[in-house]
Amino acid sequence: MGYWRWDASFSVGIAVIDNQHKQMIEYINELGTISIYHDKAKIRAVLVALKDYTVSHLAFEESLMEEAGYRKLEAHKQIHLSFIERIHFFQERYENGEDIAQQLMLDLQMWLINHIQHEDTDYKEAVQAMLHKREISPMEEHIKDGWLATLRDKFFK
């Protein structure tokens, strides 16, 4: 049973990031489904997977921003750190026996929507430009040093 569906308004226009956000939505939906049955072992497993995936996703996002020279990187990292601390807080509450699944789902949904539509869209242009340049660079290398350079030099010197 899915609680939340991906919507085009969540897209930052960077496929790899959008796919990672979609995966986070899947974890949130899975948490909601499992919480109905109060299966603590499965809730814990999804919570751990969600936390690990989120930490990995945020680190990946930061690496793209850093490579792109994004001017607000440090502020964005602080937002990410605050979110990771929030997930740790929920995990501690869970480990202390609290039923946190529904509140965690709502918090994650609100945070993710807000974060994607505000903070993530802010780095969009810088990262897209960097990724575009990265796609062009291998061809430029072939032209500069590879077989295309040999042909160029042979016929156009």
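This is a predicted model: local features need pLDDT of at least 70, side-chain atom pairs count only at pLDDT 80 or more; totals for chains, interfaces and linings use all residues.
## Five helices in one chain

The protein chain has five helices and zero strands; here helices (H or I, at least four residues) and strands (E, at least two) are DSSP runs, numbered from the N terminus. Residues are numbered from 1 along each chain as its sequence is written, and side-chain values use heavy atoms, with hydrogens and water left out.

How much of the chain is buried? Of its 157 residues, 36% are buried, where buried means under 20% relative accessible area, exposed over 50%, and partly exposed in between (1.4 Å probe, protein chains only).

## Helix α1 and the segment before it

Let's begin near the start of the chain. Tyr3 sits in the segment before α1 and counts as partly exposed because its relative accessibility is 34%. Its C-alpha lies 5.5 Å from that of Asn29, although 26 residues separate Tyr3 and Asn29 in sequence.

Helix α1 has 22 residues and spans 32 Å from its first C-alpha to its last, close to the 32 Å expected at 1.5 Å a residue. That expected span is 1.5 Å times one less than the number of residues in the helix. Tyr27 belongs to α1 and, at 17% relative accessibility, counts as buried. Just after α1 comes His38, which takes a positive phi of about 55°.

## Helices α2 and α3 side by side

Now look at α2 (residues 40-68) and α3 (residues 73-95). They pack at an angle of about 170°, and their axes are 11 Å apart. Axes are lines fitted to C-alpha atoms, for helices over the stretch in contact, and angles run from 0 to 180 degrees between N-to-C directions. The angle makes α2 roughly antiparallel to α3 (under 35 degrees counts as roughly parallel, over 145 as roughly antiparallel, 65 to 115 as roughly perpendicular and the rest as oblique). The contact of α2 with α3 involves twelve nonpolar, five polar and eight charged residues. Ala, Val, Leu, Ile, Met, Phe, Trp, Tyr, Cys and Pro count as nonpolar, Asp, Glu, Lys and Arg as charged, and the others, Gly among them, as polar.

Val48 is in helix α2 and is partly exposed, at 23% relative accessibility. Val48 and Ile87 are 39 residues apart along the chain, and 9.7 Å separates their C-alpha atoms. Ile87 is one of the buried residues of α3, which also include Phe83, Ile84 and Phe90. Helix α3 is followed by Gly97, whose phi is positive, near 95°.

## A cavity inside

Rolling a probe the size of a water molecule over the atoms shows where empty space is left. How many cavities of 30 Å³ or more does a search of the whole structure find? The search finds one, and the largest cavity has a volume of about 30 Å³. On a 1 Å grid over the protein atoms alone, a cavity is a set of points where a 1.4 Å probe fits but cannot get out, and lining residues have an atom within 4 Å of a point. Grid points are joined across faces, edges and corners, and a volume is the space filled by probe spheres set on the points.

The lining of the largest cavity consists of Met24, Ile28, Leu50, Thr54, Phe83, Leu108 and Leu112. Helices α1, α2 and α4 (101-145) each supply at least two residues of this lining. By type, the lining has six nonpolar residues, one polar and no charged.

Note on methods. On a 1 Å grid over the protein atoms alone, a cavity is a set of points where a 1.4 Å probe fits but cannot get out, and a pocket is an open set with protein on both sides within 12 Å along at least five of seven lines; lining residues have an atom within 4 Å of a point.
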